[in-house]
Amino acid sequence: MAFPQLIPSPSSYSLPHKPSLNPITLSLNPKSPTSPHHLNLAVLRHRCRKPNSTLRCSASSFSEKHHTNSPNSDDVVELPLFPLPLVLFPGAILPLQIFEFRYRIMMHTLLHTDLRFGVIYTDAVSGTAAVGCVGEVIKHESLVDDRFFLICKGQERFRVNSLVRTKPYLVAQVTWLEDRPSPSTDLDLDGLATEVETYMRDVIRLSNRLGGKPEKEVGDLRRNLFPTPFSFFVGSTFEGAPREQQALLELEDTAARLTREKETLKNTLNYLTAASAVKDVFPSSSSSS
């Protein structure tokens, strides 16, 4: 069973004013394999591929509205696409290094227009997803050889309707995706979000214990977020399970997303509780393993 990685505490995750960039480095050549995410329950850190990265995503990044001019869900627009072996959520921070020629062309265009492109999940097994998230460039740095370092923030979700062109990079017609009101009028979304936060705290606490870290109180993970952006924040912490993240991104019901996250966290907590019990009974064998 695969379990997600989670953020230990949002307090240490911020975007510096002058970031030290340790971004994802991708050639995005479809013929070359990409390194998969690896799960590590002993170290619950949200990182962007590189462990020394100072760029982190916290709950404070996730606002209720992710763009000042939120588009209408019926709008059909053209959007350049950037296929990646990861899932971007609204509000999440994504560092990238751009060096493949076609994407350098795309970035030159974007830097003179609206700085927005579509991040869409792809892998060798399931192919390219139909639902993605807009990445807006909030910081950029031009390097030698015409490469770019970018810091992007997730904005609106979208669904691909059709491809407009494939060269020099993908451009698609997309419609915007928004959560629909829950059909159940008796559902307490805020209470459900609080339950999810509680499970997150317990998973982080036990993970730290199993990793030999000192047990300390986990801070406020929710940061007064409304249920919908909080559900995106939780999904963004499930590093190492991109297909599960993609399923969460595609849901159009906040309650369904939180419920699914709650079950995943509950299963993870059960696993960690059993592992912790084994460690208590056989401390030497646990440490040697």
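I started with Arg102, which comes out at 22% relative accessibility and so counts as partly exposed. Keep in mind that this is a predicted model. Arg102 has a salt-bridge partner in Glu100, with N to O at 2.7 Å. Glu100 itself is buried, at a relative accessible area of 19%. The cut-off for buried is under 20%, so Glu100 at 19% falls on the buried side.

How many salt bridges does a search of the whole structure find? I got 13. Two that I followed up share Glu252: Arg159 meets it at 3.3 Å, N to O, and Arg180 meets it at 3.0 Å, N to O.

I looked up where these residues sit. Arg180 is in the loop between β7 (171–177) and α2, while Glu252 is in the loop between α4 and α5, so this pair links distant parts of the chain, 72 residues apart. Arg180 is exposed, with a relative accessible area of 53%. I also noted a network in which salt bridges that share partners join Arg157, Asp179 and Arg257.

Arg159 is partly exposed, with a relative accessible area of 31%.

Is β3 mostly covered or mostly open? Mostly covered: 6 of its 6 residues, 93–98, are buried. I checked the side-chain directions too. Ile93, Pro95 and Gln97 point one way, Leu94, Leu96 and Ile98 point the other way, and all are buried. For the pairing, I found β3 antiparallel to β6 over 6 bridges. One bridge I looked up by residue: Gln97 has Phe149 of β6 as its partner.

Why is α3 (residues 227–236) largely enclosed by the rest of the structure? Because 9 of its 10 residues are buried. I listed the buried ones as Pro227, Pro229, Phe230, Ser231, Phe232, Phe233, Val234, Gly235 and Ser236. Next I asked what they pack against, and got β6 (148–165), α2 (189–210), α4 (242–250) and α5 (254–281).

Key
Residues numbered from 1 in each chain as written. Predicted model: local features only at pLDDT ≥ 70, side-chain atom pairs only at ≥ 80, totals over all residues. Heavy atoms only, no water. Buried < 20%, exposed > 50% of the residue type's maximum accessible area, 1.4 Å probe, protein only. Helix = DSSP H or I, 4+ residues; strand = E, 2+ residues; numbered from the N terminus. Contact = heavy atoms within 4.5 Å. Salt bridge = Lys/Arg side-chain N within 4 Å of Asp/Glu carboxyl O. Pairing = 2+ DSSP bridges.
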